[in-house]
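Here are some exercises to work through with the model open beside you. Try each task before you read its solution.

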Amino acid sequence: MKNMSTIDKSNNSLPNRDGGERVLLLGDEAIALGAIHAGLSGVYAYPGTPSTEITEFIQGNAIAKERGLHSRWCTNEKTAMEAALGMSYAGKRALVCMKHVGMNVCADAFVNSAITGVKGGLIVLAADDPSMHSSQNEQDSRFYAKFALVPCLEPSNQQEAYDMMAYGFELSERLGEPIVMRIVTRLAHSRAAVKVAAPVAEKPLSPATDAWVLLPGIARKKYVALLEKQVDMLQASEGSPFNQVETSASKRGIVACGIAYNYVKEAVGSEANLVKVSQYPLPEAKIKALAAQCDELLVIEDGQPVVEEMVKGLLGAGYPVKGRLTGDLPRTGELTPDSVAKALGKATGAAFAPAKNLAARPPQLCQGCGHRDVYAALNEVLADYPEHRVFGDIGCYTLGALPPFQSLSSCVDMGASITMAKGAADAGLFPAVAVIGDSTFTHSGMTGLLDAVNDKSNIAVVISDNLTTGMTGGQDSAGTNKFEAICLGLGVEPEHVRVVVPLPKNMPEITRVIREEIAYNGVSVIIPRRECIQTFKRHAKQKQTLPPSSL
Amino acid sequence: MKENQTTIDTASSLKGSAGRGSASKCDIILCGVGGQGILSIATIIGEAATKAGLYLKQAEVHGMSQRGGDVQSNLRLSTEPIWSDLIAEAGADLIISMEPMESMRYLAYLGKEGKIVTSSKPFVNIPNYPDEEALQAELDALPSVKLDIESVAKDCGNPRGANMVLLGMAAPYIGILSVESLREAIATVFARKGEQVVEANLKAFDAGVAGK
């Protein structure tokens, strides 16, 4: 490693960016490059929109390859969080990335990592998806940071996303606590030029020497220590270079969180009296000072009204606080320049009337996708069982709920297909069928299958195996080539683990297998296996471009 | 670093670059159906804008909506720093669309003086696609230019170059960038695929500029 510049060790420092080059980066890529340049030793993640590109960038980065940084996909967010905590224990800097609902999966490890504390810097990156562009809810990860009593960073643009990685690792090491970094889809998937710094070296191996054994006696002391750190965390927020104050003569104060700041600036330029919040805990002194200068506060934040509620509590019932809860901004969905401009009385409105000849065009399963053949076969067989229910799961195949198939009755969370089918079967529902993808099965389906086996539940589980994590763009799937062995190992009877190839020409065989396994009173697993049509095309292209000798 | 990272000049050189039109900003909505290749158009405009030292923000769509559904990208270019990643209503100077119905999905964002540049050929993958004549008539009543870009691309001997034809059609309306700078960007972006690919794409682009 050469030409490593050092980062200023004073509190609230920013990386030295003098003379750095500027690169065009997605928000996700800015985070990835920021982490690498800040001396990252490993990223641990499960793919999930809009966070996937962070890990993909690190996997393809030259410095990351040269340094041998860990970047292989994990089986789920919990294994990712725990492995990152282990790397932190060993003294090195680690990053965990996930979409917002991944925080639910890793919550046990995450919340308790605040009790153990950290050694090497640990950043937990949660990519929220307000408007549910590619998600089942719009939960706000800032709640998790508050729940675990740790700081949260919320960048407003790609440059801050980059800068906050070095800053966040330092803050994490100084406080001895994990740091949550919360982004939203609009930042994750938007490109802008970012000025980058020189990379610094990784941290050396230096394992923690204090006990991270959360027996009640130790945990109680550690919890008190965490509470004592709250003062330092608040102080860091009050002095944070990312929490800025802008003043004007306006009597309406604005609290603009993260990306909301951009929409405010777009609407009113420098005419705002505002506090920009990009680091939590909430900088209370700054908010109180703003409130004292103004007659009312408007809280503008993407996601749920987290800060609006905090500010109400901070200022008391007598002070007017507006935002999503008061209807000044929409209660749901991501902020837009228009919704913010409207709240600020600056909206322009459309220049043209809405189109008349316009129809919705929902996403659909690709032509030639194996999931299509799976649903065609299921629908054919299940037409004979009017009482049937098919419990779905998270992935491309969730689109089987939409026309033309309309096969699914549920899709809740990763792995719920198997366990919900089991519970419904326990209640007497027949036939109870689960449809789950290969990657989702290893993520959170295996334990549910073990429950079903132990209970001899009467369910048919379809593991629709396309050899990849399809919906997020074709990442490696943890269980590829292991599914029969996993099912047998969990105790599914060998004659009821059935593999078929989902192609239209095989329809008679597939429907026969499904019929037989529905008729069997117990746990059966049907594995339709054919490569994702998207990764298949990509692989075919790669083969074409390689010289014959390398095939 | 990945190939799609483009090095940009330092901030001091961001203003007053040559090879640019007269406008000080251009806000573009790129749209179509997932898989039609709108991001390639964005990449080329982005390359040209970067070379010209413009500020740029580009919000893309990734994830589930790419599966045959409607997709759009907000591309903002300016000589001044840009705040919002998204274009406001009535803010777009251009809607560039790979599909005629999709071009009208974003009408609320089209500026009073804005323009729609679109393929005229419907992509029908839904059962309730609107009546085609009514659709074309509505489009004609709007400030729009349209062309059967797929036929033009075929005539050029580059059937996969429809998006380059569309970019060529739009080029004269991207006031902040010169047509020539977009040609250069095509050459840069496709350089690693070889001279033949560059030539084929330039031919499709030129046909789009000529409008036939």
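**Exercise 1. Find which residues of helix α1(A) are buried.**

Step 1. Helices (H or I, at least four residues) and strands (E, at least two) are DSSP runs, numbered from the N terminus. By that numbering, α1 of chain A spans residues 27–37.

Step 2. Apply the cut-off: buried means under 20% relative accessible area, exposed over 50%, and partly exposed in between (1.4 Å probe, protein chains only). Gly27(A), Asp28(A), Glu29(A), Ala30(A), Ile31(A), Ala32(A), Leu33(A), Gly34(A), Ala35(A), Ile36(A) and His37(A) are buried.

Step 3. Look just past the helix: Gly39(A) has a positive phi of about 90 degrees.

A word on the source: this is a predicted model, where local features need pLDDT of at least 70 and side-chain atom pairs count only at pLDDT 80 or more, while totals for chains, interfaces and linings use all residues. Residues are numbered from 1 along each chain as its sequence is written, chains are lettered from A and ligands numbered from 1 in the order in which they are written, and side-chain values use heavy atoms, leaving out hydrogens and water.

**Exercise 2. Describe the buried residues of helix α13(A) and what they pack against.**

Step 1. In α13 (residues 306–315) of chain A, Val306(A), Val307(A), Glu308(A) and Val311(A) are buried.

Step 2. Their packing partners in chain A are α6, β9 (252–257), β11 (279–280), α12 (284–293), β12 (296–300) and β13 (321–322).

Step 3. Gly316(A) follows α13(A), with a positive phi near 85 degrees.

**Exercise 3. Work out how α15(A) and α19(A) are placed relative to each other.**

Step 1. Axes are lines fitted to C-alpha atoms, for helices over the stretch in contact, and angles run from 0 to 180 degrees between N-to-C directions. For α15 (residues 370–382) and α19 (residues 507–519) of chain A, the angle is about 55 degrees and the axes are 9 Å apart.

Step 2. Angles under 35 degrees count as roughly parallel, over 145 as roughly antiparallel, 65 to 115 as roughly perpendicular and the rest as oblique. The pair α15(A) and α19(A) is therefore oblique.

Step 3. List the contact residues, where contact means heavy atoms within 4.5 Å. Helix α15(A) brings Asp373(A), Ala376(A), Ala377(A), Leu378(A), Glu380(A), Val381(A) and Leu382(A), and α19(A) brings Met507(A), Ile510(A), Thr511(A), Ile514(A), Arg515(A) and Ile518(A).

**Exercise 4. Is Ser141(A) buried or exposed?**

Step 1. Locate Ser141(A) in the loop between β4 (122–128) and α6 (142–148) of chain A.

Step 2. Its relative accessibility is 0%, so Ser141(A) counts as buried.

Step 3. Setting aside neighbours within four places in sequence, Ser141(A) is in contact with His100(A), Met103(A), Ala126(A), Asp128(A) and Arg182(A).

**Exercise 5. Summarise chain B.**

Step 1. Chain B has seven helices and seven strands.

Step 2. Of its 212 residues, 57% are buried.
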